[in-house]
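Here is a short briefing on one protein chain. Keep the structure in view as you read.

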Amino acid sequence: EVDRNNMLGLPGSRSAKNEVVYQVAKLPEPVTRMQNFVTELFENVHHLLSHFCTNIGNEFYHQPNLATDLGQSVFANLPGLPDFRLRAMNRTFFKSFITKCPVICYTSVLLPVLRQLCPFMLLHMKERWNYLKKVRENPSFDEDNTDSQEVLDDVIIRVMAREYMDTVKAILTSGKASDINNENSNTVDGAATIGILGE
């Protein structure tokens, strides 16, 4: 319920800080608290990984078997995640992981992760757009009915697609942004980096 309100921008979302709506929950309080805990734990783990990318930098990317470990943990169950969880991962972790990766770690860390992530996201987005096309062709589809699961799916898929395109843009331009502290980097190096990521 909280995630639905967050996506639709309705009162009762965490962003609205509407404590009155929180208190009038339909579910028993222990269940609601556990759901909130699991949701926040999931998001906090990805925020933490993002901070590792940003603040620890080279030391994080040079951890032994980092790509394998991420593939077996963070990216292991991508097909089982609902769209709003994928969106959270993309928004909080994927983009910073790509843009902060040092060029020297592209082959050992970034490319193995992208080989796992990009084909999955391409297939997933195709399936979701086909689903959305079928839903919109249904005469009973009503965009103004925010209680409808179809409308919620429509909003989530569109937002997720837009944010994932930002991640794709980060993949294509990361040669210029990954080593922000390296003042010697130039456009020639950036073009060469894009060639490596395009392989």
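Cys118 is partly exposed, because its relative accessibility is 24%. This is a predicted model. The chain has nine helices and zero strands.

**Overall build**
- Read along the sequence, the pattern is α-α-α-α-α-α-α-α-α.
- The chain has 199 residues, and 41% of them are buried.
- Take the contacts between residues at least 6 apart in sequence: 67% of them join residues at least 24 apart.
- The chain exposes about 12,100 Å², and carbon and sulfur atoms supply 55% of that area.

**Cysteines**
- The whole structure holds zero disulfides.
- Cys53 is in no disulfide, and the nearest cysteine sulfur, that of Cys101, is 8.4 Å away.
- A disulfide needs two cysteine sulfur atoms within 2.5 Å.
- Cys53 counts as buried because its relative accessible area is 2%.

**Helix H7**
- H7 covers residues 106-137, and Arg128 lies in it.
- The 32 residues of H7 should span 46 Å at 1.5 Å a residue.
- H7 bends by about 25 degrees at Leu114.

**Salt bridges between helices**
- How many salt bridges does a search of the whole structure find? It finds three.
- One of them joins Asp83 and Arg128, with the closest N and O atoms 2.7 Å apart.
- This pair links distant parts of the chain: Asp83 is in helix H6 (residues 83-99), Arg128 is in helix H7, and they are 45 residues apart.
- Asp83 counts as buried because its relative accessibility is 10%.
- Arg128 also counts as buried, because its relative accessibility is 19% and the cut-off for buried is under 20%.
- Leaving out residues up to four places away in sequence, Arg128 touches Asp83, Asp153 and Ile157.
- Arg87 forms a salt bridge with Glu163, with the closest N and O atoms 3.1 Å apart.
- Arg87 lies in helix H6 and Glu163 in helix H8 (residues 149-177), so this pair ties together parts 76 residues apart in sequence.
- Both Arg87 and Glu163 are buried.

- The side chains of Asp154 and Arg158 meet in a salt bridge at 3.1 Å, N to O.
- Asp154 and Arg158 both lie in helix H8, four residues apart, or about one turn of the helix.
- An α-helix has 3.6 residues a turn, so residues three or four places apart point the same way.
- Asp154 is buried at 8% relative accessibility, whereas Arg158 is partly exposed at 36%.

How values were computed
Residues are numbered from 1 along each chain as its sequence is written. This is a predicted model: local features need pLDDT of at least 70, side-chain atom pairs count only at pLDDT 80 or more; totals for chains, interfaces and linings use all residues. Side-chain values use heavy atoms; hydrogens and water are left out. Buried means under 20% relative accessible area, exposed over 50%, partly exposed in between (1.4 Å probe, protein chains only). Helices (H or I, at least four residues) and strands (E, at least two) are DSSP runs, numbered from the N terminus. Contact means heavy atoms within 4.5 Å. The expected span of a helix is 1.5 Å times one less than its number of residues. The bend at a residue is the angle between axes fitted to the seven residues ending there and the seven starting there. Accessible areas come from the Shrake-Rupley method with a 1.4 Å probe; for residues, only the protein chains shown count as cover. A salt bridge is a side-chain nitrogen of Lys or Arg within 4 Å of a carboxyl oxygen of Asp or Glu.
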